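Colleague: Please take me through one part of this model closely. I would like the sheet and what surrounds it, in one connected account.

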Amino acid sequence: YQRRVHGDVLVEEIWNYIDLIRVYTKKKGNPPDFDKPFILKKGNTIEDLCNRLHKDFASKFKYALVWGTSAKHTPQRVGKDHLLDDEDVVQILTVTAHQDLNQIGKRELRDAAKRKEKGLK
């Protein structure tokens, strides 16, 4: 037992020394996946995690829920600039395809109105 405790302390000290953190992800309605942490540098943000997960996550990011020491309460709803801590659990929520289409439609209407103001078609 004593050897295992010392080994756990040693592992924690190594993690602190190399300035890396373990971040776990969680899908909505499922428990966190503690078997496969994402290894990030200390000081990384939700946006850094999004970029590691999938190329569209950062651009379609809505908000994230965070459980862990970086959260003021659990879960905490955070933005892309939230700093992550070791062993945080993160659930990322993105805009749906329908919401994305609505944004595109609004953009097209806005651009058409600007062109009309300038006398263009």
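This is a predicted model: local features need pLDDT of at least 70, side-chain atom pairs count only at pLDDT 80 or more; totals for chains, interfaces and linings use all residues.

**The sheet and its surroundings**

Modeller: Strand β1, residues 20–25, pairs with β2 in the antiparallel sense, over 4 bridges.

Now widen the view. The sheet is open and has 5 strands, in the order β2-β1-β5-β3-β4. Its pairing is mixed. In general, strands of a sheet pair through backbone hydrogen bonds, either parallel or antiparallel. The edges here are β2 (38–41) and β4, and each of these pairs on one side only. On average, neighbouring strands are turned by 35° against each other, with direction ignored.

A helix covers part of this picture. Helix α2, residues 46–53, packs on the sheet. Helix α2 touches β1, β2, β3, β4 and β5 (88–94). The direction of α2 makes about 135° with that of β2.

Next, the loop between β3 (61–67) and β4 (76–78). Ser-70 lies there. Ser-70 has a relative accessibility of 13%, under the 20% cut-off, so this residue counts as buried. Its side chain makes a polar contact of 2.5 Å with the side chain of Asp-88. Leaving out residues up to four places away in sequence, Ser-70 touches Gln-76, His-82, Leu-83, Leu-84, Asp-85 and Asp-88. Among them, Gln-76 falls within β4 (76–78).

Terms used
Residues are numbered from 1 along each chain as its sequence is written. Side-chain values use heavy atoms; hydrogens and water are left out. Helices (H or I, at least four residues) and strands (E, at least two) are DSSP runs, numbered from the N terminus. Buried means under 20% relative accessible area, exposed over 50%, partly exposed in between (1.4 Å probe, protein chains only). A polar contact is a pair of N or O atoms within 3.5 Å; within protein, one must be able to donate a hydrogen and the other to accept it, and residues adjacent in sequence count only if both atoms are side-chain atoms. Contact means heavy atoms within 4.5 Å. Two strands pair if DSSP finds at least two bridges between them. Axes are lines fitted to C-alpha atoms, for helices over the stretch in contact, and angles run from 0 to 180 degrees between N-to-C directions.
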